[in-house]
Amino acid sequence: MKVLFPSQDWAGAIATAINNSKETAEHGKNWGVGFNGSFLFEISPGSGLDNKMYFFMDLKEGKASDALMKPEVPTTKEPGFVISGAYGDWKLIVSSQLDLMEAIIKGTFTVRGDMGKIMRNAKFVRAVANLLNTIPTSYLGE
Amino acid sequence: MVVIKGEDLNGLGQIIKMMMIENIKNEKGRMLAQNEKGSLVVTDPNSDVSATIIFNNGEIIIQNGSISRPTASVAAGFEELAEMSSGKLITMAKCLITGKVKAKGNLFKLLRMSKSVFPPS
């Protein structure tokens, strides 16, 4: 059964996928240690999405927690990193038609946070990105 | 004092700018950037996106695209840039020797300028 992106079910599904992944456990053991490793993903409207959505997920030592997807910033917790992009581009990322790293380099997505930490943990970030398309997903506007 | 300038940058330029801002927060990084003169072009071959970093003794200008005749240029994807961002000279040299990262120009200056770009871990 497909899970709608964006939805709370999808947020829960990606957190479960991360927590079950050997790759994220291996490459993410230093992630979030001594710094705030949580992410806030901002999804701008368009391509079937009428209003902005926010996906918050805390990531520490390769594990995910507090995965929340809401139409308002879902938590008072300050995110360590913010990644912003349009829904149409997020669809391409989730369906593996666009590489997240390439999209960041092109400027399709903007990142706020200590980029050095992302670069030094690129294998972990890549492992998380690789899990996005493992969830059978349906999309708005299709 | 080190000043980093660069507006309306592409993603690669923004990444470089953010890393350099972090880098100059520590004294070593600041000293390296302060004493550097030259230009470095970084290109991601996967997306064909480039950014140029111009070092002028403490004033650093980051701009989109590549300039003609930079002091050095480097072609590296996200993963390779990430490896180089370990800040270790041996890792950078290894990236160059194995061909993971393609470099042109003054390699000695390239290694020095890279250390100004990538914060040490």
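Is A:E42 buried or exposed? A:E42 is buried, with a relative accessible area of 13%. The legends below belong to a predicted model.

**View 1. A:R112 and A:E42 form a salt bridge in chain A.** Side chains of opposite charge can pair when their charged atoms come close. In this pair, the closest N and O atoms are 3.8 Å apart. A:R112 belongs to strand β6 (residues 110-112) of chain A, and A:E42 to strand β2 (residues 39-44) of chain A, so the bridge ties together parts that are 70 residues apart in sequence. A:R112 is partly exposed, at 46% relative accessibility. A:E42, in contrast, is buried.

**View 2. A:D99 meets A:R126 in a salt bridge.** Here the closest N and O atoms lie 2.5 Å apart. A:D99 sits in the loop between α3 (87-94) and α4 (100-106) of chain A, while A:R126 sits in helix α6 (residues 122-131) of chain A. The pair therefore links parts that are 27 residues apart in sequence. A:D99 is partly exposed, with a relative accessible area of 27%.

**View 3. In chain B, B:K109 forms a salt bridge with B:E36.** The closest N and O atoms are 3.1 Å apart. B:K109 comes from helix α5 (residues 107-117) of chain B, and B:E36 from the loop between α2 (27-34) and β2 (37-44) of chain B, so parts 73 residues apart in sequence are tied together. Both B:K109 and B:E36 are buried.

**View 4. A:E42, A:K52 and A:R112 belong to one network.** Salt bridges that share partners join these residues. Across the whole structure, a search over all chains finds 13 salt bridges.

**View 5. Six strands of chain B form an open sheet.** Their order is β1-β4-β3-β2-β5-β6, with mixed pairing. β1 (3-5) and β6 (102-105) of chain B stand at the edges. Each has a single partner strand, so one side of each is left without a neighbour in the sheet. From one strand to the next, the twist averages 15 degrees.

**View 6. Strands β5 and β6 of chain B run antiparallel.** Strand β5 (residues 72-75) of chain B is joined to β6(B) by 4 bridges. B:V74 stands opposite B:A103 in β6(B).

Methods. Residues are numbered from 1 along each chain as its sequence is written. Chains are lettered from A and ligands numbered from 1 in the order in which they are written. This is a predicted model: local features need pLDDT of at least 70, side-chain atom pairs count only at pLDDT 80 or more; totals for chains, interfaces and linings use all residues. Side-chain values use heavy atoms; hydrogens and water are left out. A salt bridge is a side-chain nitrogen of Lys or Arg within 4 Å of a carboxyl oxygen of Asp or Glu. Helices (H or I, at least four residues) and strands (E, at least two) are DSSP runs, numbered from the N terminus. Buried means under 20% relative accessible area, exposed over 50%, partly exposed in between (1.4 Å probe, protein chains only). Two strands pair if DSSP finds at least two bridges between them. Axes are lines fitted to C-alpha atoms, for helices over the stretch in contact, and angles run from 0 to 180 degrees between N-to-C directions.
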